[in-house]
Amino acid sequence: MVRAVVLPAAKAPLEMGEIDLPEPGPGRVRVRLTAAGVCHSDLSLSNGTLRQPVPAVLGHEGAGTVTAVGEGVTAVAPGDEVVLNWAPACGSCHFCAKLGEPWLCTEANAASGVPYARSADGRDLYPGLGTAAFAQETVVAERGVLPLPAGVPLADAALLGCAVLTGYGAVNHSVRLRAGETLAVFGAGGVGLAVIQAARIAGAERIVAVDVSPGKEELARRAGATDFLIASDTTAKEIRKITGGLGADAAVECVGRAETIRAAWSSTRRGGRTSVVGIGGKDSQVSFSPLEIFHFARTLSGCVFGNCDPARDLPVLAEHVRSGRLDLGALVTDRIGLEEVPAAFEAMLAGRGGRALVVF
């Protein structure tokens with residue numbers, strides 16, 4: 001039996017319990033978790049914003065050590081250190097094979113709908129986003145693990161599985177920030193702090209961080225922000241003032257709220273680029289007039305998993321970590337035990353801290 005945090009039903013309180021985890025079958029891998037990040041997407045799964053069959057074990061940002069592999073597995077072996085991949089590309093669908101856009105793979109989240117373990121009372125359990133990292137151990141498909149490059153601390157490597165790949169990708173693949181440009185970052189949680197670090201590494205001249213919490217300023221500046229604003233109705237105007245009346249060259253929205261998406265778009269210059277990383281509710285609406293769309297010639301785009309191909313981007317990030325340019329530990333404000341995941345959810349709702357990291 002394995003200790004895990006279980007979501008019994010959408011919008012229900014999380015429960016600590018023991019689960020019966022099977023040995024890996026053909027093409028599957030068993031991983032003993034070293035650490036798991038508590039991401040806002042887990043909160044979105046628990047409250048029903050994102051669909052997830054239940055009961056489920058949430059957690060999708062994790063790293064650990066392979067303890068067993070099933071028949072036919074060749075990519076990893078017992079003893080290998082790995083990062084969990086919550087959006088494994090199939091390699092053969094239209095988006096993977098024809099367009100070269102594995103982050104849009106039609107099969108990426110298929111595993112989340114297939115039971116992978118059983119509760120102590122015999123119920124089928126589903127893996128949150130296919131990974132189920134809020135447990136001492138998990139079993140995933142071979143494509144659901146990425147070999148960890150050398151020189152990256154295993155516990156901190158959990159952040160590479162979501163926050164860092166997403167933040168790095170938003171900067172480099174979505175808004176395609178260029179050296180010398182200005183970036184506005186809305187939301188200074190785990191992903192927002194990763195965006196700030198990625199922008200600094202990319203050579204941004206100015207990085208304006210925006211958050212509702214004054215307590216985030218120190219975290220944002222430590223990550224590389226040159227300016228910090230408390231979110232308000234005048235945020236876009238303040239950013240234009242900071243940038244000499246022009247607006248930021250690009251903006252990344254990490255909150256997923258209609259008002260912050262609108263503010264991020266409005267904070268950019270004519271021809272500016274805005275990428276939405278945050279996940280919002282389906283009933284929220286963002287409005288633009290046809291005239292302003294024409295006049296400002298700005299672009300607004302969604303961003304799934306940072307538009308990343310982990311096989312391509314993970315080695316690049318590992319090199320940034322080894323060189324000291326990327327500080328994974330700086331994203332973590334709380335190192336907690338598995339039983340503290342519910343409290344970490346409450347902290348996210350209250351807008352406190354950066355990334356909480358479950359350390360096993």
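**A close look at the cysteines**

Modeller: Let's begin with Cys-96, which is buried, its relative accessible area being 13%. Bear in mind that this is a predicted model. Cys-96 takes part in no disulfide: the nearest cysteine sulfur belongs to Cys-93 and lies 3.7 Å away. Now for Cys-90. Its relative accessible area is 23%, so Cys-90 counts as partly exposed, given that buried means under 20%. The closest cysteine sulfur to that of Cys-90 sits in Cys-105, at 3.6 Å, and that is too far for a bond, because a disulfide needs the two sulfur atoms within 2.5 Å. Go by that cut-off and the disulfide count comes to zero.

As for the context you wanted, here's the strand side of things. Five strands close into a barrel, running in the order S1-S2-S7-S8-S4, with mixed pairing. Ala-56 is found opposite Tyr-126 of S8.

Further along there's another parallel pair, S12 (residues 206-211) with S13 (residues 227-230), held over four bridges. Here Asp-211 faces Ile-230 of S13. To get from S12 to S13 the chain passes through helix H6 (residues 216-223), making a right-handed β-α-β crossover.

Terms used: Residues numbered from 1 in each chain as written. Predicted model: local features only at pLDDT ≥ 70, side-chain atom pairs only at ≥ 80, totals over all residues. Heavy atoms only, no water. Pairing = 2+ DSSP bridges. Helix = DSSP H or I, 4+ residues; strand = E, 2+ residues; numbered from the N terminus. Right-handed = clockwise from strand over helix to strand, strands pointing away. Buried < 20%, exposed > 50% of the residue type's maximum accessible area, 1.4 Å probe, protein only.
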